[in-house]
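Me: I have a structure to get through today. Can we go over it in short questions?

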Amino acid sequence: MAILETILVAFWLMLPAYVPNNAAVLAGGGRPIDGGAEWGGKRVLGDGKTWRGTAAGILAGLALAGLLTMIGDDVGSALGLTLPGFPPLAALGLAGGAMLGDILASFLKRRTGRNRGAMFPGVDQLDFVVVSLPLVALLATEWFFEWFTLEVLVVIVVLTPILHVLTNVIAYKLGLKNEPW
Ligand code: CTP
Ligand code: MG
């Protein structure tokens, strides 16, 4: 694969994992998942992880995966490449794994004494990749190894932090997020 093609495929594959975080920011609020519970004098997860945000994130990721599956052939031929559709379990792994990774990151942040909204470089940018990709490999193994080649994985690890920083700065400037990370 040419590098531009690899980047496009990697971005396409990860869209259902990228969008849940942004949807959660837009929809977040209401009852926190941990219900206010603490562990070791710190919140288990914190007020930044809510049921509504999580549900909206997963639904947005699933809906996007469905949409991409419908338009994949047309977009692919317009761009002159082959783009994958998303089997339901792959979509679930990407969207659910992204939200789960974000929640696990908050759990780690609280355990390491970081308050809600605190920066955790590296973890903030890659938490959802680290959980969603193994989950997809588990739930949709054949599809995963067909599309997530080594070069696609390398592009994802480089591209994701860049996109994450960019989208969060934009969300901050738009007043949607409290911190630019
Ligand atoms: N959000 C949510 N539910 C989630 C993830 C995010 O409701 N599962 C919403 C919350 O309103 C949260 C905002 O999106 O404040 C920003 O998300 P994030 O940066 O992940 O949370 P933080 O508030 O920074 O909290 P943490 O330090 O735990 O990451
Ligand atoms: Mg944050």
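**Working through the model**

Reply: Start with Arg-43, whose side chain makes a polar contact of 2.9 Å with the side chain of Asp-47. A polar contact is a pair of N or O atoms within 3.5 Å; within protein, one must be able to donate a hydrogen and the other to accept it, and residues adjacent in sequence count only if both atoms are side-chain atoms. This is a predicted model: local features need pLDDT of at least 70, side-chain atom pairs count only at pLDDT 80 or more, and totals for chains, interfaces and linings use all residues. Residues are numbered from 1 along each chain as its sequence is written, chains are lettered from A and ligands numbered from 1 in the order in which they are written, and side-chain values use heavy atoms, with hydrogens and water left out.

Me: Where is Arg-43 found?
Reply: In strand E2, residues 42-43. Strands (E, at least two residues) and helices (H or I, at least four) are DSSP runs, numbered from the N terminus.

Me: Is Arg-43 buried or exposed?
Reply: Arg-43 counts as buried, because its relative accessibility is 19%. Buried means under 20% relative accessible area, exposed over 50%, and partly exposed in between (1.4 Å probe, protein chains only).

Me: New topic. How many residues surround ligand 1?
Reply: 18, and the closest are Lys-49, Thr-50, Ser-106, Arg-116 and Gly-117. A residue counts here if one of its heavy atoms lies within 4 Å of the ligand.

Me: Which polar atoms lie by an oxygen atom of ligand 1?
Reply: A polar side-chain atom of Lys-49 lies 2.7 Å from an oxygen atom of ligand 1, and one of Ser-106 lies 2.6 Å from an oxygen atom of the ligand. The protein buries 89% of the 570 Å² that ligand 1 exposes when taken alone. Accessible areas come from the Shrake-Rupley method with a 1.4 Å probe; for residues, only the protein chains shown count as cover.

Me: What joins the side chains of Lys-49 and Ser-106?
Reply: A polar contact of 3.0 Å.

Me: Where is Lys-49 found, and is Lys-49 buried or exposed?
Reply: Lys-49 is in the loop between E2 and H2. Lys-49 is buried, because its relative accessible area is 12%.

Me: Last one. Where is Leu-139, and how exposed?
Reply: Leu-139 sits in helix H4. Leu-139 is partly exposed, since its relative accessible area is 33%.
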